[in-house]
Amino acid sequence: MGTAPLRIAVIGAGPGGLYAAALLARQGHRVEVWERGAPQETFGFGVVLSDETLGGIERADTAVYAALCAEFVRWQDVEVVHRGRLLTSGGHGFAALGRRRLLEILHERCTGLGVRLHVRAPAPDPAALAASHDLVVAADGVHSATRERGAEHFGPTVTSGRCRYIWLAADFAFDAFRFEIAETAHGVMQLHAYPFCADESTVIVEMREEVWRAAGFDRCDEAESAARCAKIFEEALRGRPLHGNRSTWTRFKTVVNERWSHGTVVLLGDAAHTAHFSIGSGTKLAVEDALALAEAVAREPDVPAALAAYEAARRPAVASTQRAAAASMRWFEDLSGYVGQPARQFAFNLLTRSRRVTHANLRLRDPRFADAVARDFGCPDPETPPMFTPFALRGLTLRNRIVVSPMDMYSAKDGLPGDFHLVHLGSRALGGAALVMTEMVCVSAEGRITPGCTGLYTAEQGAAWARIADFVHTSAPGTALGVQLGHAGRKGSTRVMWEGMDEPLPAGNWPLVAPSALPYRPGVSAVPRALDRADLAAIRSDFAAAAARAADSGFDLLELHCAHGYLLSGFLSPLTNHRQDAYGGPLENRLRFPLEVFDAVRAAWPADRPVTVRLSATDWAPGGTSPQDAVDIAAAFAAHGADAIDVSTGQVVADEAPEYGRSYQTPYADRIRNALGVPVIAVGAISSWDDVNSLLLAGRADLCALGRPHLHDPHWTLHAAADQSYEGPAAPWPAPYRAGSRRPPTGRG
């Protein structure tokens, strides 16, 4: 960046701010740091850094790297104590040191590089610093005054978690990273502990807000809190006391900013973003920010370009970490739902909670532990992956745990499935999945989403489906074929997806019906007619008639589509059901019609064949279906005889804001399964066989439905078996395809 040194101001002397100052000073820039507290004054005790972060430090500054390595405490094991039973998983690899010592090292490095340190000195206003400096780095923490003063530019969102936690310390070193659960009269509490020097450990005690209040911690000062926590976890602490460091009970705040810079002021570390402490990421992220910022300043031609490059480089990694941290935080918030699991499954669930550690990864780290978890699950031997174990639903036994998700193909004419559907479903049936689901099959012509949707409202359609079912059962024996029945409701009479998703037809539209006269896309979608009781009776009959035709066609399983904003889903959500009669209002009433339809379908469907229900467990919109609503809805269908709940989310209202990410819908399936004990099908951005195995072993799902992976590869399941060297009965290659059961050799590079 030119030849003249920059004048740089750093606000905040935490690890991120000091390390950024040191790196920028090494480049020859003139750096000043303001810190309102005393040198090395800090909250908390220990800091955990990953090998990846340490590698970046080593490349950027060998002096800091060497000083850190001289101080590190290292260990390999994670210990989980569950109802008095200690389980240990090895091979994880951690490095930690005291937070004060880290600050001392960075202070010394900054001093040696000529950084001017203003301690016990509040920083000048960021605008004033920007006027006198070329770059202002705001590393002033989670409560960043810089961020709040520039909120209109940075666009911050700060959300608080549902747990209270406190940072404490013990005067001895734990042998491992330890998680211990205490089931008290007030509720579940958890301890997170790890060593950070030869004779001290960080100890974090966490519990739900309501448990914290019930236990009376809201009335305890620091000393009382430390003493009571030490008593609760007396055995883990070996009878030793706990002490604080300006320690208070707080709720974790997740910070997200739309933009990380404004002009020449840039946010770094917790000022820009936070990630829950349960994945040990706060200091790690701040240090990695400092590395990226220094690299961008060195590489780019000017400050604006450097700040843009810094954010572009860091934002994807930070977003990924925040997703993992959010999953971990929610897992601990919902801990009471998991403590009833068997000890080893509980430990595996805890270790894989963020989805960054998986079954395959754990087998590399600690094969004995991973294989023991699989054995408890029901794997007959180490060569049988969890996904290739059978699962029974009523009279149907599925040979493995893979489902081809329902996917609308929009390729029918007058509701009639044709050769395309035979090839599409037939090829997936040959591909090894235990259960292949049709797209949503509509129960009436008026219930179609598009003119290209299939139906089961005529005898001709029933015969066409029978042809497909016969092919599946004859050519792919052991594969089950499921039908999903639904009615589009207010989302009907639209163009096929590739011509304009949710766009009304240019001509030939049919009237829409819904629980309430609310269009899906106001100003775009047609306004539906609110159903009256005669309409409800007719639609109920349509579903029953379609179920009877499905049975005659030879389907093995039936799924009732109560998700994604279609008709039955429209009754369940308070955002789409504004009725004032017995079918609207409280959840009990909103459930009434979907349950009536379920009962009619169940009565028309053979008693030995299973019926599942697909739900949207959240609307991803304020005022919509809550997590508890989703559990209550699932419980109601289970009580009426649903054999499994297929847990999806969203698509109920057009202005939704989904939190996309890997396996992003599975926490909702997890919650329903562990709250109710009913089988669940997990779906949503599950793409790898490793994810499937991990979800099953952790008790988050019983079956996993994959859609897009099966569009990419119709033989996804067979290829997953080959990748895992599995050749057993749960993934048989069709006789004509057996020659392809081994990956063909590739040419030499």
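Helix 10 (residues 282-299) is largely enclosed by the rest of the structure, because 14 of its 18 residues are buried. This is a predicted model.

**Helix 10**
- At 1.5 Å a residue, the 18 residues of helix 10 should span 26 Å.
- The end C-alpha atoms of helix 10 are 26 Å apart, which agrees with that expectation.

**Helix 2 against helix 3**
- Two packed helices are described by the angle between their axes and the distance between the axes.
- Helix 2 (residues 51-60) packs on helix 3 (residues 62-71) at an angle of about 135°. Their axes are 6 Å apart.
- That angle makes helix 2 oblique to helix 3.
- Helix 2 brings Leu-54, Ile-57, Glu-58 and Ala-60 to the contact. Helix 3 meets them with Thr-62, Val-64, Tyr-65 and Leu-68.
- By class, this contact of helix 2 with helix 3 has 6 nonpolar residues, 1 polar and 1 charged.

**Cysteines**
- A disulfide is a covalent bond between the sulfur atoms of two cysteines.
- The count here comes to 0 disulfides.
- Cys-69 is in no disulfide. The nearest cysteine sulfur to it belongs to Cys-197, 17 Å away.
- Cys-69 is partly exposed, with a relative accessible area of 28%.
- For Cys-379, the closest cysteine sulfur is in Cys-704.
- Cys-379 is buried, with a relative accessible area of 5%. That value is under the 20% cut-off for a buried residue.

**Arg-74**
- Arg-74 lies in strand 4 (residues 73-75).
- Arg-74 is partly exposed, at a relative accessible area of 48%.
- Leaving out residues up to four places away in sequence, Arg-74 touches Asp-51, Leu-54, Cys-69, Phe-94 and Ala-95.
- Arg-74 and Arg-356 are 282 residues apart along the chain. Their C-alpha atoms are separated by 21 Å.

**Helix 26**
- In helix 26 (residues 716-723), the buried residues are Trp-716, Thr-717, Leu-718, Ala-720 and Ala-721.
- These buried residues pack against two strands, strand 21 (402-404) and strand 30 (703-706). They also pack against helix 24 (689-697) and helix 25 (708-712).
- Ser-725 follows helix 26 and has a positive phi, near 60°.

Key. Residues are numbered from 1 along each chain as its sequence is written. This is a predicted model: local features need pLDDT of at least 70, side-chain atom pairs count only at pLDDT 80 or more; totals for chains, interfaces and linings use all residues. Side-chain values use heavy atoms; hydrogens and water are left out. Axes are lines fitted to C-alpha atoms, for helices over the stretch in contact, and angles run from 0 to 180 degrees between N-to-C directions. Helices (H or I, at least four residues) and strands (E, at least two) are DSSP runs, numbered from the N terminus. Angles under 35 degrees count as roughly parallel, over 145 as roughly antiparallel, 65 to 115 as roughly perpendicular and the rest as oblique. Contact means heavy atoms within 4.5 Å. Ala, Val, Leu, Ile, Met, Phe, Trp, Tyr, Cys and Pro count as nonpolar, Asp, Glu, Lys and Arg as charged, and the others, Gly among them, as polar. A disulfide is a pair of cysteine sulfur atoms within 2.5 Å. Buried means under 20% relative accessible area, exposed over 50%, partly exposed in between (1.4 Å probe, protein chains only). The expected span of a helix is 1.5 Å times one less than its number of residues.
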